[in-house]
Amino acid sequence: MLVTVARARSVRPDGSWFLLVVGPQSVVVASTALRAGATTAVAEVCCWAAGVLAYVSITTLVWTRLRRHGVAPADPTPVYWIAMGAGAISVLAGADVLLSTPWDGPVRAVTVVVLTVLAGWATALIPVLLAAGAWRHVRHRVPLRYEPSWWSAVFPIGMYAVATDRAGRATGAGPWDGAGHAVAWAALGARVLVGAAVLVERSDRRVAE
């Protein structure tokens, strides 16, 4: 019985599922830097669109799971920041497609609209994730100590900074450009804090030994 419950929990959608979006969107980002022709451009748009659809699908699955099973204090780990990072890298991939492809018309218009929605969604997730962390560690007093999953929060913050900056260039929307510059400092701060936490954790371990 316990084994069955453990297996059921292991397959529940969580933040790690968004890595399925990060993969194909990373391919798009790399491909736009190595553009080989018109055929490649079409493949990039298709891959980006597939990644966006995967993001919407996984978001729906995770949201449904959270509503159906509720959220325990131990649940909102830093891994859920990948949800924001997956949205951000989808913005970056779409912006790179716009900047490297001279297409006009419906394809460009749709891409700009989707980019704007994704950037807005990723932005909206930031206060939600911060509130979830405060709910977990402040209200329910889950110990705030280093764990490897904290690196799952560092990458999305940096990706958001790069993505919004690139989206601002691709769409001409100045606010996204400014947001990217501001969040870049937050990404640096997160990197320093987590790095310092690693050193403290190793120091404590050596003292305990």
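Reply: Phe18 and Tyr55 are both buried, where buried means under 20% relative accessible area, exposed means over 50%, and partly exposed covers what lies in between (1.4 Å probe, protein chains only). This is a predicted model, in which local features need pLDDT of at least 70 and side-chain atom pairs count only at pLDDT 80 or more, while totals for chains, interfaces and linings use all residues. Residues are numbered from 1 along each chain as its sequence is written, and side-chain values use heavy atoms, with hydrogens and water left out.

A search of the whole structure for aromatic pairs returns one. In that pair the ring centres of Phe18 and Tyr55 are 5.5 Å apart and the planes meet at 55°, so the arrangement counts as tilted; the rule takes rings of Phe, Tyr and Trp (its six-membered ring) with centres within 6.5 Å, and calls planes under 30 degrees apart stacked, those over 60 edge-to-face, and the rest tilted. Because Phe18 sits in the loop between helix H1 (2-10) and helix H2 (19-33), while Tyr55 belongs to helix H3 (residues 38-69), the pair ties together parts that are 37 residues apart in sequence. Helices here are DSSP runs (H or I, at least four residues) and strands likewise (E, at least two), numbered from the N terminus.

Thr59 also lies in helix H3, and it counts as buried because its relative accessibility is 19%. Leaving out residues up to four places away in sequence, Thr59 touches Phe18 and Trp121, a contact being heavy atoms within 4.5 Å.

Beyond its neighbours within four places in sequence, Thr111 is in contact with Trp48, Gly94 and Leu98.

Helix H4 (residues 81-100) is mostly covered, with 18 of its 20 residues buried. Its end C-alpha atoms are 29 Å apart, which agrees with the 28 Å that 20 residues should span at 1.5 Å a residue, the expected span being 1.5 Å times one less than the number of residues.

Asp96 is buried at 8% relative accessibility, whereas Arg166, at 24%, is partly exposed. Another salt bridge is formed by Arg169 with Asp165, where the closest N and O atoms are 3.2 Å apart; both residues lie in helix H6, four residues apart, or about one turn of the helix. Arg169 counts as exposed because its relative accessibility is 57%, while Asp165 is buried with a relative accessible area of 12%.

Another arginine, Arg141, falls in the loop between helix H5 (106-139) and H6 and is exposed, at 73% relative accessible area. Although Arg141 is not a glycine, it has a positive phi of about 55°.

On the surface, Trp185, Leu188 and Val192 form a nonpolar patch with about 370 Å² of accessible area together. Patches are built from residues with over 30% relative accessible area and no salt bridge, like charges being joined within 9 Å and nonpolar side chains (Val, Leu, Ile, Met, Phe, Trp, Tyr) within 5 Å. Val192 is found in helix H7 (residues 174-208) and is exposed, at 52% relative accessible area.

For the chain as a whole, there are seven helices and zero strands, and 36% of its 209 residues count as buried. Among contacts between residues at least 6 apart in sequence, 78% join residues at least 24 apart. The chain exposes about 11800 Å², of which carbon and sulfur atoms supply 69%, with accessible areas taken from the Shrake-Rupley method using a 1.4 Å probe and, for residues, only the protein chains shown counting as cover.

Technical notes:
Salt bridge = Lys/Arg side-chain N within 4 Å of Asp/Glu carboxyl O.
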